[in-house]
Structure formats: C-alpha cells, structure tokens
Protein chains: 2
Amino acid sequence: MPTQDDIRAAAGRIAPHVRRTPVIRLAPAETGLDAPLTLKLEQLQVTGSFKPRGAFNRLLSARVPAAGVVAASGGNHGLAVAHAAQVLKMKAEIFVPEITPEAKRARIAATGATLTVGGTAYDQARQASEARAAETGALIVHAYDQEEVLAGQGTVGLEFEEDAPELTHVLVAAGGGGLYGGIASWYDGRIEMVIVEPDECPTLFVAGMASQPMDVPSGGIAADSLGARRVGTLAFEIMMRQGGRCVVVKDDAIRGAQRWLWDRLRIVAEPGGATALAAILSGAWAPPKGALAGVVVCGANCDPGSVAGT
Amino acid sequence: MPTQDDIRAAAGRIAPHVRRTPVIRLAPAETGLDAPLTLKLEQLQVTGSFKPRGAFNRLLSARVPAAGVVAASGGNHGLAVAHAAQVLKMKAEIFVPEITPEAKRARIAATGATLTVGGTAYDQARQASEARAAETGALIVHAYDQEEVLAGQGTVGLEFEEDAPELTHVLVAAGGGGLYGGIASWYDGRIEMVIVEPDECPTLFVAGMASQPMDVPSGGIAADSLGARRVGTLAFEIMMRQGGRCVVVKDDAIRGAQRWLWDRLRIVAEPGGATALAAILSGAWAPPKGALAGVVVCGANCDPGSVAGT
C-alpha cells in the first residue's frame, strides 16, 4: 500500500500533466442531508476521468522499453494511458472489450495509440493485453493493481483533504478498487471510506463478505468503468486492514444520480462517475449524525445528451 | 455603480442561497497561451447561470409587495428570479420571448412562477413585463440595469479575486452588461476587464464606439442569453469610466468554444456561457505579454447533447 510520501512524490511527478480539480460545497437544503455535502469534480480531469493520475505516475516511475506500454481497460484507463504515452512520446497499445462505448474508443484512437477491441468484458481485454505484453516486452500499466497506479490515484485524496479538511467520510466508486485504494492509502484511517459499487458488479462487496477476492459477474450500466471481474489484491488488502465499508446501488439509482447532477448542477457524469453520489441520493448510505461527507465525481466519458431526461 | 462594500453586503445577503463556484487552472500547454488560464465555473451556480446572485440580492434588499415580483428575460434571469421567488415564498411573473429555448421555459414553469411567452426578442418581453408591473404593482427585477442586481453579480468578481488573486485580465460575456458591470465594479480598475460580445448582438461595443447607448440588432446563437437590444445605463457608465475593452466574436467561434469545453474539460456551457472563452480560443483577443487571464464560464442552460460534435 502506498505511503503518504509515495503519494506526495506521485503528486510532484504528475503535476505538469494533470489538473488540480476543484471541489464544490452543497448546502443541506440542496441535498436534504443534515450537513453540507462536498463534491470533488474529478470528472474535469484531463481525459475526463481520474485515470491519468495513476497512468502518468506509472509511466514516469518506470523504465519504459522501446516497445512502449500496454494497457487493458473498459475505456477510461486505456484513454489515460494512451494520452500519457502521447504526451511522453511513447508507443501505446490499448485493449478494450466490446462494451466500451464509441465515445471512449474514438478518444483512444485519436491519441495515435493502437486500439484492439475484443471480448465481452474487461477481463478478456486484460488477458489479451497480457499476452501481447509477453510477446513485445512492452510495460504493462495495470488499471488498478499496481503500487504506482494506486499512488497516482491517491493524489485525489491528497487534494481532497487540502481543499476540504473538515470531511469525516469520503464516498468513492469502485470497480477494481484503484481509486478507492489510492484515496484510502492517503487518508490511512483518518476519515471513513465508503466504497460504492453497482449491484451488478460488486467486486469489493463480495470480496469483503467472502474475506477473499472472488470473481463476480460484471454487468449493468456502469460496467464499462466499474466492470472489473475481481477486486485488485492491493485494494482488497487495504479494505480488509482499514475495514472500509461497502455499499451497493442499483442501476436506477445511478441513472438518477446522473440526472440529478445535470438537473441541479449542470454536471455531466458517466454512470461510474455518478455511482458514489447515487449511494447518498438513493439512501443506500445515510450519513451518521455529525458526518461531513465528501463524494468523488470521477468520470464523464459518455454522450453528454445521455444525462438529461426524466 | 456599486461599491466594494455594496458587493460585500450582497455576498453576505445571498450566501445562504447561492453556491461558491470553483475555479480551475489550465496549463499553457492546454490552451497554447504563454501563461495559465483560469476559468471560474459559474455555470455550476444554482439554476445554471450567474443570475441568482443578482436576483436574490434584489429580492432580499427590497420590500416586495403582495403582488410579488416580475421579470423579463431571455431565460436565465427569469429562471433565477422565479427560483428566488420560490425559495423566498413570493409570487413571480416571468416574461420571455419566443426565442427562449424549451429547456429554460420548462425550468421556469417548474418553479411555480407564471410564465408568459411573447414577442420575438428580449426587448418585447421587457415591455410586456413593465406593462404588467404597472398593472399589478409587482416589484420589477431588471435583468441588468439595477444597482442591487449589479451588486449581486459583482460577487462573482469578489470570489474570483479571492480564488485567483494573480489575475491581470478578466474576460466576461455581455448582453445588457449586468455581469460585466458587477465584476468591473468589484475590481474597480485593479485588473483589466475584457468585454466579449457576439458580433450579432454587440450592445457594449456599439455603445462604446458611439459613446452612448444605442439600439442594436440582437441575433445569433447566443441571443437567448446575450440578446439585449441596448446596453444598460449602469454598465455603459462603468465601461466609459473604466475604459473597458470590447471584443466581438463570431457564432462559429462561440460554437467552437462550447465544443472545446466539452472535448477538453467535460464542461457543458450554453452559447452565452462560452462566449468569453471564445475570444481567447479564436484569437479575437490575445493576452498581452505577461498577462494572467481569467474567464467566467457563466451559463449552461442548453440541451447537453448540443455541445458535442465536430
């Protein structure tokens, strides 16, 4: 698990390439909660998700071979790696499954990376990417289960604590657990982490119940960003050590959170980007008395027209 | 012209009802400029534009009669007044022209305000609203030409200076000039204001050239938010006293800025909300050497699907 020093070092390493994303505070009357709710607007990050934090940190920490880098992804991590490779003038090969939306595919291809689409879910793209890396010797940039990737995602926590030091709880969506693991490593128990997953791909929830990583089905509207088949070992260990709490939400609640963000804040978030907020708006997680909650809005790589409507 | 004390008082008065909107800084590599560019994300304000700042300040400063309040608007001011009246439990009648998009009409109607649609442009809605106020005795909340409204909009400047004290130039879109006049009153010459208008509704530009307010045509894609027929007398006087510089941009540049905000930042802005940025991205205004520019992104009340595309 990355230390605070690892995360501070990552922050320095990636600073020229990523944005410091802002927070916005919502008054109790806006949410119906007893206390203000603070959102970290990480969907405004370069490439439209938090992923370049980990991708840049991994690429800038490693000796990258001439064969370049390879990554598998539902889309956001692949886009981040492709973008980082373009900026750092490295070759990149990205593997995505067929569920990856056109908006994400087109952005990856536009970076000049080699894009391979195949398999029905993230896990098959991961297998293809590992076979390819074995063939070429390219550096694998894992979507969530590498120390450098976690340290990069941990910079979200570093910034969130600086900008909202009053928080007692931070809600974050999880698929493989990279963003959760990074932020939890930063806070290291100083606040309570609430892990939110779609009930159609509950990797951390199931692993927590079973006390071990387990394969789970991966479906539903957020599968292209949260559809890992199994939690990362790093995130799992952090969750077991810290006792992070898991909450699952239904796809309807996620869609409702997307609409709420547009209707109330003119924010576009993709399903995975709105999943953490869905836990609060749907009541799946209720802040305990005195809690000051923060939510990471973590991605916006969707058709913007998809967030409106009733 | 409001003083800094007036604007500070307005900030205190409206604080329970509006959001402190965040800023985000873009590195030179992101814009091609020589220096960072700072955006104030005022499109995240309650009701999706800066307008509730002025509306709440006017309603909270006045003795509102039982007949309530009346306002004319291309949409955003009307929505802000309707929302403020709903929150403060007052009656509201809102007049908008036929060019007001459905997205704005529906939001106004949803507040419970009485909505009247008529005339082809803002100016006709204004005339209808004044006739109605004469009939009922309701309090007129002008879209831009009242001291309290300007003081409310000036709180954008107060916040922008606190969050980005390094700025030397602030770019702001203008229709009747309420947002410009408010922010210029706050800064009072301590930075340079750059007023940006669509070339199809150049109220301040023409008034500046003529050294007097003049009627201008009001058309183009931003007419529903910047389509005043004539600059407000307050904004005009402030511009003449301070020597504010006017820049005009073409509709294509505005559309380009909307697309750029979506493509690079996953921000949705309506045409009027992207107009100030369009001046920089199109080169209509080039920052002088050493300038540190800030841009107010001031509205997002459009179909979110309209900002994507090529």
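The following is a set of questions and answers about a predicted model.

User: How do you know that the side chain of B:S49 makes a polar contact with B:K51?

Analyst: A polar contact is a pair of N or O atoms within 3.5 Å. The side chain of B:S49 reaches the backbone nitrogen of B:K51 at 3.1 Å.

User: Why does B:Q242 count as partly exposed?

Analyst: Exposed means over 50% relative accessible area, buried means under 20%, and partly exposed is in between. B:Q242 is at 25%, and therefore counts as partly exposed. B:Q242 belongs to helix 11 (residues 233-242) of chain B.

User: What is B:Q242 in contact with, and what does its side chain reach?

Analyst: Leaving aside neighbours within four places in sequence, the contacts of B:Q242 include B:M1, B:Y180, B:A184 and B:M193. Its side chain reaches the backbone oxygen of B:A184 at 3.0 Å. The cut-off for a polar contact is 3.5 Å. As for B:A143, it lies 99 residues from B:Q242 along the chain, and the two C-alpha atoms are separated by 22 Å.

User: How do you know that the span of helix 6 of chain B is close to the expected one?

Analyst: The expected span is 1.5 Å times one less than the number of residues. Helix 6 (residues 122-136) of chain B has 15 residues, for which 21 Å is expected, and the helix reaches 21 Å from its first C-alpha to its last.

User: Which residues of helix 6 of chain B are buried, and why are they said to be on the same side?

Analyst: The buried ones are B:Y122, B:D123, B:A125, B:R126, B:S129 and B:A133. They cover an arc of only 150° around the axis, so they are on the same side of helix 6 of chain B. As background, an α-helix has 3.6 residues a turn, so residues three or four places apart point the same way.

User: What covers that buried side, and what is on the face turned away from it?

Analyst: Strand 3 (69-72), strand 4 and strand 6 of chain B are among the elements that cover the buried residues of helix 6 of chain B. The face turned away carries the exposed residues B:A134 and B:E135. Just after helix 6 of chain B comes B:G137, with a positive phi of about 80°.

User: What makes strand 5 and strand 6 of chain B edge strands?

Analyst: Chain B has an open sheet of 4 strands in the order 5-4-3-6, with parallel pairing. Strand 5 (114-117) and strand 6 (139-140) of chain B each pair on one side only, and these are the edge strands.

User: How do you know that strand 4 and strand 5 of chain B pair?

Analyst: Two strands pair if there are at least two bridges between them. Strand 4 (residues 92-96) of chain B is joined to strand 5 of chain B by 4 bridges, and the two run parallel. B:I94 stands opposite B:L115 of strand 5.

User: Why is strand 10 of chain B called largely enclosed?

Analyst: In strand 10 (residues 293-297) of chain B, 5 of the 5 residues are buried, so the strand is largely enclosed by the rest of the structure. B:A293, B:V295 and B:V297 point one way and B:G294 and B:V296 the other way, and all are buried.

User: Which strands pair with strand 10 of chain B?

Analyst: Strand 2 of chain B pairs with strand 10 of chain B in the parallel sense over 5 bridges. Here the bridge partner of B:T38 is B:G294. Strand 7 (residues 169-173) of chain B is also joined to strand 10 of chain B, by 3 bridges, and these two run parallel. B:V170 stands opposite B:G294.

User: What makes strand 8 of chain A mostly covered?

Analyst: Of the 7 residues of strand 8 (residues 192-198) of chain A, 6 are buried. Strand 7 (residues 169-173) of chain A runs parallel to strand 8 of chain A and is joined to it by 5 bridges.

Conventions. Residues are numbered from 1 along each chain as its sequence is written. Chains are lettered from A and ligands numbered from 1 in the order in which they are written. This is a predicted model: local features need pLDDT of at least 70, side-chain atom pairs count only at pLDDT 80 or more; totals for chains, interfaces and linings use all residues. Side-chain values use heavy atoms; hydrogens and water are left out. Buried means under 20% relative accessible area, exposed over 50%, partly exposed in between (1.4 Å probe, protein chains only). The arc is that of the directions from the helix axis to the C-beta atoms. Contact means heavy atoms within 4.5 Å. A polar contact is a pair of N or O atoms within 3.5 Å; within protein, one must be able to donate a hydrogen and the other to accept it, and residues adjacent in sequence count only if both atoms are side-chain atoms.
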